[in-house]
Amino acid sequence: MITRHLLKQASTWRHFLLNSKTSSPLLTKSLLFSSSSSSESQSPTTAFVDDKVTDQYPTSTSISIDRSDLYNQPEHSHEPTSDSELVKHLKGIIKFRGGPISVAEYMEEVLTNPKFGFYISRDVFGTEGDFITSPEVSQMFGEMVGVWAMCLWEQMGRPKQVNLVELGPGRGTLMADLLRGASKFKSFTESLHVHLVECSPMLQKLQHHNLKCLDEDDSSDGVEKRTISSLAGTLVSWHALLEQVPSGLPSIIIAHEFYDALPVHQFQRASRGWCEKMVDVSEDSMFRFVLSPQPTPATLYLMKRCKWAAPEEIEKLSHIEVCPKAMDLTHAIADRISCDGGGALIIDYGLNGVVSDSLQAIRKHKFVNILDNPGSADLSAYVDFASIRHSAEEVSDISVHGPITQSQFLGALGINFRVESLLQNCTDEQADSLRTGYWRLVGEGEAPFWEGPDEQVPIGMGTRYLAMAIVNTKQGIPVPFQ
């Protein structure tokens, strides 16, 4: 009975993908961290209309720092410059503490400091930014996530009211493509209240614009102003934290490339055991890594993570990364889903196991030293999907599915049918852009069909990115994790 119902669902979504007449910008994009990120092979003003492609727009203390067994970092690549405000702020924290800060605190300050954080005051996405995400590669990514959300809504019994929550929406591209693609399914879109969890005021404004939001002019006393996305007529609200999203309604939560930016604590094996790696200031006033001389609070999370892993998995490692915020966030998501119903979709690059030394910095699509000019580069780390699973499974009435590769996820939802449909009504140049975007989403390695410059060859991220779902057990197994 369940199988027949799911097959019927799959047929419905396949029909939608083959016949959809929705429109959405297909942006010029490339693989995150690839050398092809600056590719100009696509036009940023391309869109699909009716399946055709058209042109359109603590108290200070003195401590001793043990620097033995410290991993030798590469030399700083930048020339000495006057300290930025963020650098002064970081050095001030270290001086006030009388010793180093954790890598996690350094990472959090660099990315989300309210005044100087990397994400706070700039648009860091796309070819003109520092890195590129899947929604910026092609409209098809957001459409497929929309198909997943509609399938889950069906399995939830078509509730009349649903919170559709996205964590870290970036420019709002994914949500815009999702709503545009789902706009013809009125019963679904009319049930939605979109909640965007975003701490950057600048990105909030960009999301407002890209979702084509309209602020209702209601001067009634005591009535909160409402914001509506004209893409699908849905209510839209913004929050700085997930905890601020109203509870009591079933939720569909999307976290795409959100977990990778959560601050990680790094531990290194030394002669006296696992020591946390810290950030200190050297005598020449440069940032450097040191090892903590004694256990730190994050050691509790390290012990927890090691209990979840097989002894042989830990024995072979000299470095381990743990992300307490990811564990706590997952627990909060699972709690919400357990109480209110619904599910969460997590897509990110990472591993289904313990993560070692993965923290990296990217500036203008190139790797740079993590400690160089903090605030000018994005910091991210591999996501530990096994840790997410264990954290969620601590909550009752929750089931976790996956991870599967992004290629498997998108393929099972019908991206192949969608690209075939779009290819039927486009020019040769636009077809090349479609194939390039498709390969970057589901392919692996360099695109075999590429005939352009070697430095712009599309690199597939289909197997580097993983997808995992967390759902209320009442919903059954979500599509396409059966």
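H401 has A469 as its bridge partner in strand β23. Strands here are DSSP runs (E, at least two residues), numbered from the N terminus. The model is predicted: local features need pLDDT of at least 70 and side-chain atom pairs count only at pLDDT 80 or more, whereas totals for chains, interfaces and linings use all residues. Residues are numbered from 1 along each chain as its sequence is written, and side-chain values use heavy atoms, with hydrogens and water left out.

Strand β23 (residues 465-472) is joined to β20 by six bridges, and the two run antiparallel; strands are taken to pair if DSSP finds at least two bridges between them. Strand β20 (residues 398-405) is largely enclosed by the rest of the structure, because seven of its eight residues are buried. Buried denotes under 20% relative accessible area, exposed over 50%, and partly exposed in between (1.4 Å probe, protein chains only).

A further set of three strands forms an open sheet in the order β17-β16-β18, with antiparallel pairing. Its edge strands are β17 (366-368) and β18, each of which pairs on one side only. From one strand to the next, the twist averages 40 degrees; axes are lines fitted to C-alpha atoms, and angles run from 0 to 180 degrees between N-to-C directions. Strand β16 (residues 360-363) is connected to β18 by three bridges, and A361 stands opposite L379 in β18.

D378 also lies in strand β18 (residues 378-380). This residue is buried, with a relative accessible area of 2%. The D378 side chain makes a polar contact with the side chain of Y119 at 2.6 Å. A polar contact is a pair of N or O atoms within 3.5 Å; within protein, one must be able to donate a hydrogen and the other to accept it, and residues adjacent in sequence count only if both atoms are side-chain atoms.

Methods:
Helices (H or I, at least four residues) and strands (E, at least two) are DSSP runs, numbered from the N terminus.
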